[in-house]
Amino acid sequence: TPKCDIYETAESLSVCLEIPGVDEDDVQIAFDGENGILAVAGRRKKPTCAQRKRVHLMEMPSGPFEKMLRVNVDIAEGGVEASLRDGVLHVLMRKAC
C-alpha cells in the first residue's frame, strides 16, 4: 500500500502517493463522488535485477497495490486530475462551489 499525504487549500484537495518504479500506464484512478471515495490501484513490476539466480535481500515490493481514501469534501464533477512525476502520483481534486 503506497504511503500518501493529503493537503487542503480553499480551492482543492491534493493527494500525493509514493509509487516509485510504477509506469503511468500501470496506474488506475477512480473517484466515486457519491460516496466520497478516491481509489488508486496499480502494479509495480518486479525489478529487472530480481532476475538473478540468488537473491540475498528483497525489500522493494512488487505486484499489485491499492489505496482507498475517503474524501470528506465535495469535489467538482470532472474536477479530478492526476500526474506522475519522480515516483510520486499527484492527484488534484477541485472543490465544488
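Predicted model: local features only at pLDDT ≥ 70, side-chain atom pairs only at ≥ 80, totals over all residues.
**A tour from the pocket to the sheets**

Numbering starts from 1 along each chain as its sequence is written, and side-chain values use heavy atoms, with hydrogens and water left out.

**Stop one: the pocket**

Select T1, P2, K3, E18, P20, R44, P61, S62, G63, P64 and F65, and you have the lining of the largest pocket. A pocket here is an open set of points on a 1 Å grid over the protein atoms alone, where a 1.4 Å probe fits and protein lies on both sides within 12 Å along at least five of seven lines; lining residues have an atom within 4 Å of a point. Its volume is about 160 Å³, counted as the space filled by probe spheres set on the points, with grid points joined across faces, edges and corners. Which strand gives the most to this lining? Strand β5 (residues 63-70), with 3 residues. Strands are DSSP runs (E, at least two residues), numbered from the N terminus.

**Stop two: the sheet with β5**

Stay on β5 and bring in its sheet: 3 strands, open, in the order β3-β4-β5, with antiparallel pairing. Two strands pair if DSSP finds at least two bridges between them. β3 (27-32) and β5 stand at the edges with a single partner strand each, so one side of each has no neighbour in the sheet. From one strand to the next, the twist averages 10°, with axes as lines fitted to C-alpha atoms and angles from 0 to 180 degrees between N-to-C directions.

Now zoom in on β3 and strand β4 (residues 37-44), antiparallel and joined by 6 bridges. Pick F31 and you'll find L38 of β4 opposite.

**Stop three: the other sheet**

Next, show the open sheet of 4 strands, β1-β2-β7-β6, again with antiparallel pairing. Its edges are β1 and β6 (75-85); each has a single partner strand, so one side of each is left without a neighbour in the sheet.

Start at the hairpin of β1 and β2, with 3 residues between them. Strand β1 (residues 4-8) and strand β2 (residues 12-18) run antiparallel, joined by 5 bridges. Select Y7, and its bridge partner in β2 is S14.

Finish by stepping from β2 to strand β7 (residues 88-95), an antiparallel pairing over 7 bridges. Here S12 has R94 in β7 as its bridge partner.
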